[in-house]
Each structure stands twice: as structure tokens, then as C-alpha cells.
Amino acid sequence: MDINVQTEILKRSSLFKNLPDYTIRNIAENTKIITFPQDTILFNEGDNGDLLYIIGSGSVTLYKNTATSKEVPVYKHQTGDYFGEIALLNETGKRTVTAKAEAKSLLFGIPGEVLMVLLQQNGTLAINLLKNVSARLDATYDQLARQDANSALPITDLDLALTDETTALPTDINEMFYDRKLECPHCGTKFTTPRVLTKHITIEKSDDDFCNYYKGLNPIYYDVAVCPQCSFAFTDETREPLGANAATGVKRVVDSLPKKDYCKIRNASQAKETFVLAIKSQTAAGSKQSLIAKLYLRLAWLHRYEGDTVNEYKFIEQAIKHYEIAFSRENFNPKQEIMLLYLVGELYARIGDPKMAINWFNRVVTHPQKQVFIGIVNRARDRWQDIRAEMKNAEG
């Protein structure tokens with residue numbers, strides 16, 4: 001197969017999302033092209049695994065063996081999907097499912113040793129893979145929550161994702177959510193709040209500042225939990241009980257907040273209200289500036305979805321302000337630091353400050369650890385060059 005054709009096919013996979021063409025071409029040069037006739041077993045549960053598979057054409061179904069040796073289909077992969085990563089990442093190296101070609105299929109196989117080198121060299125690829133594994137784990141938890149204990153699937157099998165029912169939306173919107181049990185970090189009230197089931201989350205596209213656009217339900221609406229008793233708002237990152245000093249400051253704030261029930265399906269307006277509550281609550285609690293910045297950024301995204309540029313930019317400016325304070329007060333590991341440097345540069349570019357954007361992108365491309373996280377560094381370099389070119393064109 002022509003290498004250019006192979007590269008174009010690989011570009012369609014979510015695994016290689018946001019990777020530059022030359023990186024994907026390099027990956028294509030290190031893949032094995034394999035064809036399987038219809039109804040062929042690619043590998044069996046328990047086999048040793050040494051390849052990550054990407055479907056160029058056709059379809060592959062994954063099966064799990066039950067206690068009675070019955071094979072139960074757990075996921076159907078189509079063109080562009082990938083599978084087999086678990087055996088390459090776990091300690092045993094064993095396949096956790098059986099894979100069968102349901103139609104004549106053309107697959108690209110990436111050897112395990114090649115994948116490990118690529119993951120070490122490319123942060124974007126590692127993030128894409130991590131997101132996929134995380135989504136499958138979440139999906140398994142969702143399945144477990146919806147089954148009784150006798151029929152639950154083992155949660156250690158990360159290759160178990162969703163069944164074919166993922167392609168069909170339920171008629172009752174309530175079936176697209178599950179209730180998450182939480183305890184308020186401020187007053188200790190136990191309550192449940194809705195979250196979108198992973199199988200109903202579909203990303204259509206993403207902006208350069210990592211803002212995702214969703215088909216159907218938007219999970220960002222439910223990032224913030226609000227206590228129905230005291231109105232303290234928090235996220236998964238701020239679930240720990242408050243200390244005495246923080247509790248005192250929080251009490252003064254939440255006592256003045258309106259009491260409203262957010263433990264239900266939300267619309268866009270209610271979602272924005274929860275982020276405002278979270279900003280007030282977490283500011284009073286003395287949370288990290290990077291977390292406050294993250295809340296402001298997501299609030300900006302909610303306004304972006306509605307085309308409200310004025311409020312979007314207002315909250316982006318607040319996000320930038322708090323990220324800049326965070327850099328002076330907080331310690332980040334190299335990966336976090338590079339990602340946030342890039343993000344702040346992108347936010348400056350979005351609000352129309354190219355000079356500041358270039359300054360922050362330059363901090364990425366000159367970072368001491370730039371060779372370790374080459375993916376995001378190349379992305380920052382591309383944006384730096386694009387903005388420089390735009391500035392020169394504007395100057396005449």
C-alpha cells in the first residue's frame with residue numbers, strides 16, 4: 001500500500017487526533033498491514049499480545065468469555081477504531097478478550113515496542129490513548145451500575161467497553177444519566193447528582209484550547225456538583241472535607257447564596273450558574289489558582305457554545321489571570337507545565353493578543369523538557385509560526 005494512502009487512513013483514527021502529518025507518516029512506516037477474511041479469529045482471550053490494531057476497513061467484534069465458556073460480544077469496532085492496547089500496557093501481556101473479524105478487514109498493526117517509544121516521545125499520542133482507556137473504564141463502571149451484582153462484568157477488563165446499544169439513544173432521556181453519590185465537603189450532607197453515561201458522550205470536534213463540542217448531551221454541564229443543603233459547589237478535584245479555616249470563609253459565602261436544586265438534569269443556563277457557584281465556593285475555600293482558572297475557562301466555553309463572545313472573552317481573561325498567578329505560586333510537573341504554557345498562549349491568541357500568545361508559545365518551545373513532550377511542543381511551534389505570519393501580513 002502506498003505510504004501516502006496509509007497515512008491518510010491512519011489520520012482518521014482518534015488515536016492520532018491532533019498529531020502532525022509527519023508524525024503519522026512516521027507511524028505508518030512502522031506498521032504492519034494485515035488482512036483478515038470474514039469470521040476470522042484475530043486472537044483469543046489469554047493469548048500473548050504484541051500488536052495494537054487500527055482498523056483501515058471492515059469491522060471487528062470483541063468477545064468476553066463467561067464462567068460457562070460462552071462468548072459474549074462486548075464491543076464492535078469499525079473503520080478508524082483501535083483495540084488491543086490493554087495487553088501492551090498491562091503486566092501480563094495477555095489479551096483480555098477474543099477478537100473476531102465480522103467482515104473482511106484490513107488492519108494496521110503497531111508493534112508494542114514501537115508504541116512504547118512513540119508514547120514516550122509524543123505527549124499528544126499518550127493523552128489520546130489515556131483518554132480512550134479512561135473512557136472504556138468509565139463505560140465499564142456505567143455498565144456495572146446498570147446491572148445487578150450477579151450479571152456484572154469484571155471491572156479489571158478494560159477492553160470491555162460498550163455493547164452495540166451505544167449506537168441507539170434511549171427514548172427516555174433519564175436513561176442517559178446515572179446518579180452519583182457524593183458528600184458535601186462543607187456541611188457533610190450526602191446527596192446524589194446526575195452524570196452523563198460515558199456511552200452517550202460523543203465529541204464532534206475540539207478547539208485549540210481543548211474545548212470539546214458534543215453531539216447531544218454535554219457532560220460539562222455536570223462537572224460541578226452543588227450541595228442541595230448549603231449550596232457549596234465543588235468538582236471531582238475538590239471533594240475532600242474542608243479544613244477549619246476554609247470552612248469559616250466558605251460559610252460566609254454560601255450563607256448568602258440562593259438555595260436552588262441543581263441535582264437534576266440541567267440546561268445551559270443552570271450549568272453556567274453552577275460554575276459561578278463553584279468559582280465563589282472554591283475562591284472562599286482557598287483552592288488553587290489553577291483550579292479557579294479551569295472553572296473560569298469552562299464557564300467561557302459554555303458562553304462560546306451560545307455564540308456569546310463578549311462573556312466568553314471576559315471569562316477567558318479571568319482564566320488567564322488565574323493561570324498566571326498559578327505559575328507564580330504552584331508547582332507543576334513538566335508535562336502539566338508545558339500543557340498549561342501552551343493553553344495560556346492559545347487563550348491569548350483567542351482574545352486577540354498575538355504578542356502575548358507568542359511569548360507563551362515561545363516558553364513551550366524553549367522549555368528544558370521540550371524533547372520529552374514533542375507533540376505539544378510541535379503544536380506550540382506551529383501556532384507560533386502561524387501567528388507570526390498573520391502579524392506580518394497585517395503589517396503589510
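Biologist: Is Ser281 buried or exposed?

Modeller: Buried means under 20% relative accessible area, exposed over 50%, and partly exposed in between, using a 1.4 Å probe and protein chains only. Ser281 has a relative accessible area of 0%, so Ser281 is buried. Keep in mind that this is a predicted model: local features need pLDDT of at least 70, side-chain atom pairs count only at pLDDT 80 or more, and totals for chains, interfaces and linings use all residues. Residues are numbered from 1 along each chain as its sequence is written, and side-chain values use heavy atoms, with hydrogens and water left out.

Biologist: Which residues does Ser281 touch?

Modeller: Contact means heavy atoms within 4.5 Å. Leaving aside residues up to four places away in sequence, Ser281 touches Ser231, Phe232, Ala233, Val250, Val254 and Leu257.

Biologist: And where does Ser281 sit?

Modeller: Helices (H or I, at least four residues) and strands (E, at least two) are DSSP runs, numbered from the N terminus. Ser281 belongs to helix α7. On the α7 side, Lys280, Ser281 and Ala284 meet Ala246, Gly249, Val250, Val253 and Val254 of α6.

Biologist: What about a strand: how many residues of β3 are buried?

Modeller: Six of the seven residues in β3 (residues 51-57) are buried. Two strands pair if DSSP finds at least two bridges between them. β3 pairs antiparallel with β8 (residues 105-111) over six bridges, and Leu52 has Ile110 as its bridge partner there. β3 also pairs antiparallel with β6 (residues 82-83), over two bridges, where Tyr53 is partnered by Phe83.
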